Amino acid sequence: MLRRDVFRAGLAGAAGLFGLSRANAATAEERLKVAYHLSDADKVNFVLGNIKNHYEGTNGNVDIVLVVHGPALAAFKSKGASGAISSRFAGLVQQGLVPQACGNTLSGMDITLTDLLAGFQLAEKGGVVQLAELQHQGYVYLRP
């Protein structure tokens, strides 16, 4: 009887390990979806650095949306953006970053998408609504 119990325990353990390795393989193939929230002007460089690190840390296996509203949006105006922000931002867009500008902030600042650095899309219903919708779609919410 003891041999049979040992055999069953070994078989159950092997099956568990096989199932675990299959689950890990499936997870590794899925792309992580992340929504970054940026509204503080003093955090623009920090958030862009976080996004760069995110791409590097996942070997690019991540979909990132950056939703910008409030005072932070002014840092992305093409005529006023610093060279460091412009080049860092352009590189991230090239890696796949999807930047979205709050429609309410654009109206409030009296600017348009064409006034911003290339790549921005309009979050027509507003930045916070867009963030909630992204979370509903399975995006992980980060606000550094």
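The exercises below work through a predicted model of a protein.

**Exercise 1. Determine how many helices and strands the protein has and in what order its elements run.**

Step 1. The protein has five helices and five strands.

Step 2. Starting from the N terminus, the order of the elements is α-β-α-β-α-β-α-β-α-β.

Step 3. Of the contacts with a separation of 6 or more, 72% come from residues 24 or more positions apart.

**Exercise 2. Classify the ring pair F76 and F120, then the ring pair F89 and F120, as stacked or edge-to-face.**

Step 1. A pair of aromatic rings is described by the distance of the centres and the angle of the planes. Planes under 30 degrees apart count as stacked, and planes over 60 degrees apart as edge-to-face.

Step 2. The structure holds three aromatic pairs. In one of them, F76 and F120, the centres are 5.4 Å apart and the planes are at 70°, so the pair is edge-to-face.

Step 3. This pair links distant parts of the chain, 44 residues apart. F76 is in the loop between strand 2 (62-68) and helix 3 (83-95), while F120 is in the loop between helix 4 (103-109) and strand 4 (121-123).

Step 4. For F89 and F120 the centres are 5.2 Å apart and the planes are at 15°, so this pair is stacked. F89 belongs to helix 3, and the two residues are 31 residues apart.

Step 5. F76 and F120 are buried, and F89 is buried too. F76, F89 and F120 form one aromatic cluster.

**Exercise 3. Find which residues of helix 5 are buried, and work out how they lie around the axis.**

Step 1. Helix 5 spans residues 127-136, and its buried residues are G127, Q130, L131 and L134.

Step 2. Because these residues cover an arc of only 100° around the axis, they lie on the same side of helix 5. An α-helix has 3.6 residues a turn, so residues three or four places apart point the same way.

Step 3. The face turned away from the buried side carries the exposed residues V128 and H136.

Step 4. The cover over the buried residues of helix 5 includes strand 1 (32-38), strand 2, strand 3 (98-102), strand 4 and strand 5 (140-142).

Step 5. After helix 5 comes G138, with a positive phi near 100°.

Technical notes:
Residues are numbered from 1 along each chain as its sequence is written. This is a predicted model: local features need pLDDT of at least 70, side-chain atom pairs count only at pLDDT 80 or more; totals for chains, interfaces and linings use all residues. Side-chain values use heavy atoms; hydrogens and water are left out. Rings of Phe, Tyr and Trp (its six-membered ring) pair if their centres lie within 6.5 Å; planes under 30 degrees apart count as stacked, over 60 as edge-to-face and the rest as tilted. Helices (H or I, at least four residues) and strands (E, at least two) are DSSP runs, numbered from the N terminus. Buried means under 20% relative accessible area, exposed over 50%, partly exposed in between (1.4 Å probe, protein chains only). The arc is that of the directions from the helix axis to the C-beta atoms. Contact means heavy atoms within 4.5 Å.
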